[in-house]
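Let's take a walk through this structure together, one piece at a time.

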Amino acid sequence: MREIVSVLISSGKGKKLTGFTFVETLIYTALIGLVISGFVSFSFVIVGLKNKNQIVREINDNLRETQNFIVHEIKEADAIISPTAGNASSSLVLAMPGGVEKIFLVESGVLKVVPAGGVEQSLTVNEVRVSDLNFANLANTGAKALIKTSLHMQTQGSSQEFRYVQNLTTVVCERY
Amino acid sequence: MFKIKSRSSGQSIFEIVIALGMFAMIAAAAAVLIMSGIELTTRSGQLIQAKSYLEEGAEAIRSIKNRAWDEMVYDRSGLREEADGYYLSGEGTADNNGLFSRTIDFYPLYRNDSGEPSIEPAEGYWLDILSKRIVINVFWDIGNGNNSNIAETLYFTDWQAIEWEQNDWLDGDGQAIWSNSARFKSSDGNINVDISGELTLLEIATSTFAPSGYLESSAFDTNKTANFAALIWEEEIPDDCTDCQIKFQIKTAADDDGWPGVWQDTWCGPAGVDDDEDDFFTQRSGELINSSLNGKQWIKYKAVLVGDGLQTPKLKSVKIFYQ
């Protein structure tokens, strides 16, 4: 211990400086501080970007699956029960083959399909909020239905990195 | 015991700078990777939007095809949304929706006698007026002056078109409303019905034919408010008769309690209702009927035969498609 103190305080003539000066210590501390703060900031940015990426992917996945499913079901439907020609509605009622009715609607921010007398099925996850769901039947009376679907999908988070909004509009012509 | 040599007592500024530089490079590489991931995800989102826009175009065109085939008269057109559906905006128009722009191009389709399609007019292939090749493109800016695009090619045929055909006129004139498929309403007296029921110009002297003549058909009831698609006919034109020609005009009328209502004042060609009788259907392989004649229940045609006095064209059959 004595030797260490000796080394630290020693500054005799003809001897080389073996410890850090105060200025060096300050510089090194500042450099280390810079590196550490840079690393921490970088880590936060990386984590933020990763979260944002995850959120965007989540929305994209939900949009794609929702679009594919709705389009497929409308194409498969025997008839569009609601909305009727020239009208719009926040829910879509399809007459499926076999006489089964399917209803698409939003409940508590989740897009659901409810087969008549069956178990409802969620098309979007709870982390994603669906709003402004609208089905417009653009066809004339007597013509094949033309369903324009539009919806608004966003994440539930409040902070910027967890916030993402996307709109979807798709159009399907009745096949049967 | 604790002698410390200054050479090994710590890192020089140079070493620290190198270490920081390496760290910065690794951090930058990691940042680029993450940013690329973000960009890919963003583009994936744009792709979903673009596909949705593309599908909207395809389904809108399908709905137009289902409604009225003869609305598809353009080479390129955008879409216009109305309360009762989509309509084509007009020649040369395109669509824009925020980041995305969309073009819809219409091309003819040709078929041979076996029904095989071709996108080029080749030997043995004729223009199929009731089929079209449609190419939809969606473009969007992905930054740095670069564009991305997706495309879809559709082949549409108006399968649901119903045809009214007349290929026999043997039972003569005097029938105003269509019931006997071998009769017609009237002619100018210069039309002859040959033994097989086909139409020629009247032979007014030995090997001399009337220079021209016309026949007006009976009025045909489509039994619904119809949109008329196309008019096609079969003919025989002598090879060495350059003046010989067959051409058509039509009229449509709304229903008036089971009878034709008011017909247009003038006979109409491909230009539709235009208050003159100057234009004729002249393409025997088919021409689209102008959409201004749509929304009516009754239709009739006027066949005009033109010869050179020495020879005559022959009309074998005529078909009008509606939906």
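This is a predicted model. Start with helix H2(A), which lies across E7, strand E8 (146-155) and E9 of chain A, and runs at about 15° to E9(A). Now look for H1(B): this helix lies across E8 and E9 of chain A, at about 25° to E9(A).

What about the strands themselves? In chain A, four of them make an open sheet, in the order E2-E7-E8-E9, with antiparallel pairing. Strand E2 (88-89) and E9 of chain A each have a single partner strand, so they stand at the edges with one side left without a neighbour in the sheet. In general, strands of a sheet pair through backbone hydrogen bonds. Zoom in on E2(A) and you'll find two bridges joining it to strand E7 (residues 128-137) of chain A, the two running antiparallel. Here A:Ala88 has A:Ala136 in E7(A) as its bridge partner.

Back to the helices. H2(A) packs against helix H1 (residues 13-67) of chain B at an angle of about 15°, and their axes are 10 Å apart. Angles under 35 degrees count as roughly parallel, so that's what we call H2(A) and H1(B). Their crossing is left-handed. Sort the residues of this contact by class and you get 14 nonpolar, nine polar and four charged.

Finally, zoom out to the two chains: 33 residues of chain A are in contact with 29 residues of chain B. Which element gives the most to chain A's side? That's H2(A), with 14 residues. By class, this side of chain A has 17 nonpolar, nine polar and seven charged residues.

How values were computed
Residues numbered from 1 in each chain as written. Chains lettered and ligands numbered in written order. Predicted model: local features only at pLDDT ≥ 70, side-chain atom pairs only at ≥ 80, totals over all residues. Contact = placed C-beta atoms within 7 Å. Helix = DSSP H or I, 4+ residues; strand = E, 2+ residues; numbered from the N terminus. Nonpolar A, V, L, I, M, F, W, Y, C, P; charged D, E, K, R; others polar. Axes fitted to C-alpha atoms, helices over the stretch in contact; angles between N-to-C directions. Parallel < 35°, antiparallel > 145°, perpendicular 65-115°, else oblique. Left-handed = near helix turned anticlockwise from the far one by under 90°. Pairing = 2+ DSSP bridges.
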